[in-house]
Amino acid sequence: MKVLVINCGSSSLKYQVIDSETEHVLAKGLCERIGIDGVLTYQPAGQDKIKYEAAMPAHRQAVELVLKQLTNPENGILKSIDEIDAVGHRMVHGGEKFACSTLLTDEVLKTVESCNDLAPLHNPPTLVGVAACRELLPTTPMVGVFDTAFHQTMPPEAYIYGLPYEYYEKYAVRRYGFHGTSHKYVSLRAAEILGKKPEDLKIVVCHLGNGSSISAVDGGKCVDTSMGLTPLEGLVMGTRSGDIDPTCIEFIAHKENLSLEQVMDIINKKSGVLGISGVSSDFRDLDEAAKAGNKRADLALRVFAHSVVKYIGSFIAVMNGVDAIVFTAGIGENDDIIRSRIIEHFDYLDTTLDQKANKMHGEERIISTPDSKVKVICIPTNEELAICRDTVEIVTKKMVEDTVKDVLSNN
Ligand code: ADP
């Protein structure tokens, strides 16, 4: 099957076409500055990236341009859009309604829309992207793969906040967790790398990127995660504060004469390692600045590492043990200094980093020494492939069901 994977942001749209049999990416790219002017990037497998400006007043035009580019007689990878067998959409917030990926029917889309309150920045653009794809590919099955789904196995003690219960009942205020597609993919890969069944493992997955989250995966199921109602909770991130005393919000608003919205904006966009360092949200810049003697950049890196250590430790306690600690995403995959800083706190687990393996880049590998009791593993995440796999599974299931229905009705 050829699967088009779409990941819509408020002003961007990432896409990949994946051949599900070989799991090779046939082409990938990005639409940026949607609603502003529009820039399209397109890269067919094994060829150079092409970038050009094209008007994208809304997501519909972006999808249209992507389809046009994919079928372009000069450098397209498809003869016609009919070659797309299914579309997999990354969906951010499925609330409590979606514990797994699902076919996007009218009814399902209405339910997703009812979760918009929980993710006002993320869900609406996704739905706009789905609507554009349905309009342009009306007969192609569409599947939604939710960032929150993998975390739906958490027990209530992990997801209920210490707030009046009525807010959970009335508004579904609770911990949901995000990056679920990545946590699932990476924890399954970790089990494969260790040659064990997921059911037999306790894994802490550290997805450390621009947004960062940690999950406790016990027996293949998520039992706790660091992000909450929104992706603001948990670790100190690039520009997000992560966990703070909620009183800070009122205190800062009062002292600086700011509205609630203004403080929330600061907590989301001007905090984290950017806020602490005053340098950058990018760990490459911070590593460089710290090396050059910038004390606040160094402090930001230490605060980040400390928050990761705290969550790993607490999730080991939650699972009453751990077999593997896994690093993934931009920082987790690439920043050997941070990994080193984190893992040195786990001497008590009889775990030591193999410094040579730790310094390598870009490939799946165990980075703890062979005699380490708890394994430390680096696994590049691949959310697009995970979305493609779920899409194929659901579409195939539907095709089998439809065939059975046809056979039954013909008899
Ligand atoms: P997103 O949450 O946007 O998907 P990514 O997982 O791509 O983020 O992570 C992006 C972040 O990864 C960058 O902001 C940067 O901090 C970090 N990063 C990427 N490459 C490196 C590197 N070589 N060394 C250190 N940090 C890196």
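Mentor: Let us begin with Thr140, which, in this predicted model, touches Ile84, Asp85, Ala86 and Val87, when residues up to four places away in sequence are not counted. Thr140 is found in the loop between H3 and strand E8, the strand that covers 142-146. Is Thr140 buried or exposed? Its relative accessibility is 13%, and buried means under 20%, so Thr140 counts as buried.

Two packed helices are described by the angle between their axes and the distance between the axes. Helix H3 consists of residues 123-136, and it packs with helix H1, residues 59-70, at an angle of about 50°, the axes being 8 Å apart. How are H1 and H3 oriented to each other? They are oblique, and their crossing is right-handed. On the side of H1, the contact is made by His59, Arg60, Val63, Glu64 and Leu67, while H3 contributes Pro125, Val128, Gly129, Ala132, Cys133, Glu135 and Leu136. Sorted by class, the contact of H1 with H3 has seven nonpolar, two polar and three charged residues.

H3 also meets helix H2, which spans residues 106-113; the axes of these two helices come within 10 Å and cross at roughly 160°. Angles over 145 degrees count as roughly antiparallel, and H2 and H3 are therefore roughly antiparallel to each other. The crossing in which H2 passes H3 is left-handed. Here Asp106, Leu109, Val112 and Glu113 in H2 meet Asn123, Leu127, Val130 and Arg134 in H3. The residues of this contact of H2 with H3 divide into four nonpolar, one polar and three charged.

A residue of H2 may now be examined on its own. Lys110 is found in helix H2 and is exposed, with a relative accessible area of 60%. Between Lys110 and Leu127 there are 9.8 Å in space, C-alpha to C-alpha, and the two are 17 residues apart in sequence.

Thr71 has its place in the loop between H1 and strand E6, which covers 86-91. Thr71 has a relative accessibility of 22% and so counts as partly exposed. Leaving aside neighbours within four places in sequence, Thr71 is in contact with Gly76, Leu78, Lys79, Ser80 and Ile81.

Finally, let us set this part within the whole protein. The domain assignment gives domain 1 as 2-146 and domain 2 as 196-380. The C-alpha centres of domain 1 and domain 2 lie 29 Å apart. Thr71 and Tyr311 are 240 residues apart along the chain, and their C-alpha atoms are separated by 47 Å. Ala300 and Glu96 are 204 residues apart in sequence, with 35 Å between them in space, C-alpha to C-alpha. Ala300 lies in helix H11, residues 295-319. With a relative accessible area of 0%, Ala300 is buried. Ala300 touches Val273, Ile276 and Ser277, again not counting residues up to four places away in sequence.

How values were computed:
Residues are numbered from 1 along each chain as its sequence is written. This is a predicted model: local features need pLDDT of at least 70, side-chain atom pairs count only at pLDDT 80 or more; totals for chains, interfaces and linings use all residues. Side-chain values use heavy atoms; hydrogens and water are left out. Domain bounds come from an automatic or database domain assignment. Helices (H or I, at least four residues) and strands (E, at least two) are DSSP runs, numbered from the N terminus. Buried means under 20% relative accessible area, exposed over 50%, partly exposed in between (1.4 Å probe, protein chains only). Contact means heavy atoms within 4.5 Å. Axes are lines fitted to C-alpha atoms, for helices over the stretch in contact, and angles run from 0 to 180 degrees between N-to-C directions. Angles under 35 degrees count as roughly parallel, over 145 as roughly antiparallel, 65 to 115 as roughly perpendicular and the rest as oblique. A crossing is left-handed if the near helix is turned anticlockwise from the far one by less than a right angle, and right-handed if clockwise. Ala, Val, Leu, Ile, Met, Phe, Trp, Tyr, Cys and Pro count as nonpolar, Asp, Glu, Lys and Arg as charged, and the others, Gly among them, as polar.
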